[in-house]
Amino acid sequence: MTHLLPDLPYAADALQPYLTAESFAYHHGKHHAAYVTKLNALLAGHDWASLPLEQLVIEAHAAPQGRAIYNNAAQHWNHWQFWHGMRPPSDDTAVPPALDHLLRKSFGSVATFKEQFVLAGLNQFGSGWVWLTEKDGALAIRTTGNADNPLIRDERALIGCDVWEHAYYIDYRNGRGAFLEAYVDHLLNWDEAARRLTETVIPH
Ligand code: FE2
């Protein structure tokens with residue numbers, strides 16, 4: 001199968017002023033596109049060429065010779081879930097009841113979750129991701145370096161925010177904290193996060 005760069009689920013200027021069309025032109029149009037192009041080149045004639053993306057990420061991670069394929073496949077999956085995990089800024093920031101309940105149980109309040117999520121993202125040294133994960137009904141905030149993601153720990157990713165510099169440098173320069181605060185306060189798609197409690201991240 002050929003892996004494809006997915007269309008954004010909104011117009012490239014729909015998340016302004018928090019993420020600009022210029023930022024998407026680079027992050028989606030250049031960075032994510034490059035991972036997909038590289039992945040397809042690495043998979044040409046390969047035994048793994050027909051694997052669905054999630055399975056490819058897990059198998060390549062487990063194989064010593066799979067590092068280059070793993071890095072590009074994982075970044076493809078990571079960015080796919082990142083685009084769908086955001087939505088245009090809205091006054092309606094209500095968290096669906098089932099997820100709201102779990103967040104309160106795990107963190108005390110949604111506000112405390114947001115504070116801890118931003119702090120975790122700030123403390124991720126170098127390139128990586130900050131996640132809200134679920135496993136067996138328990139939520140956790142995780143950080144991962146480079147391309148790593150919750151799939152390789154058999155955890156469900158409800159939310160995943162890119163903290164590579166390329167994710168925020170155009171709009172926030174070195175202000176990773178300001179980017180993370182905008183993400184949790186204005187861009188997070190809570191309906192998608194709640195959907196992921198019961199469904200796979202990537203629609204097939
Ligand atoms: Fe990225």
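Guide: Helices (H or I, at least four residues) and strands (E, at least two) are DSSP runs, numbered from the N terminus. The model is predicted, so local features need pLDDT of at least 70 and side-chain atom pairs count only at pLDDT 80 or more, while totals for chains, interfaces and linings use all residues. Residues are numbered from 1 along each chain as its sequence is written, and side-chain values use heavy atoms, leaving out hydrogens and water.

The part to examine is an open sheet of three antiparallel strands in the order β2-β1-β3, where pairing requires at least two DSSP bridges between two strands. Strands β2 (138-145) and β3 (156-162) form the edges, each pairing on one side only. Eight bridges join β1 (residues 128-135) to β2, and W131 stands opposite R142 in β2.

Helix α5 (residues 110-123) lies across β1, β2 and β3, in contact, meaning heavy atoms within 4.5 Å. This helix runs at about 140° to β1; angles run from 0 to 180 degrees between N-to-C directions, along lines fitted to C-alpha atoms, for helices over the stretch in contact. Helix α3 (residues 67-84) lies across β1 and β3, at about 75° to β1.

E134 and R156 meet in a salt bridge of 3.3 Å, N to O (a side-chain nitrogen of Lys or Arg within 4 Å of a carboxyl oxygen of Asp or Glu). E134 lies in β1 and R156 in β3, 22 residues apart. E134 is buried at 12% relative accessible area, whereas R156 is partly exposed at 32% (buried is under 20%, exposed over 50%, partly exposed in between; 1.4 Å probe, protein chains only).
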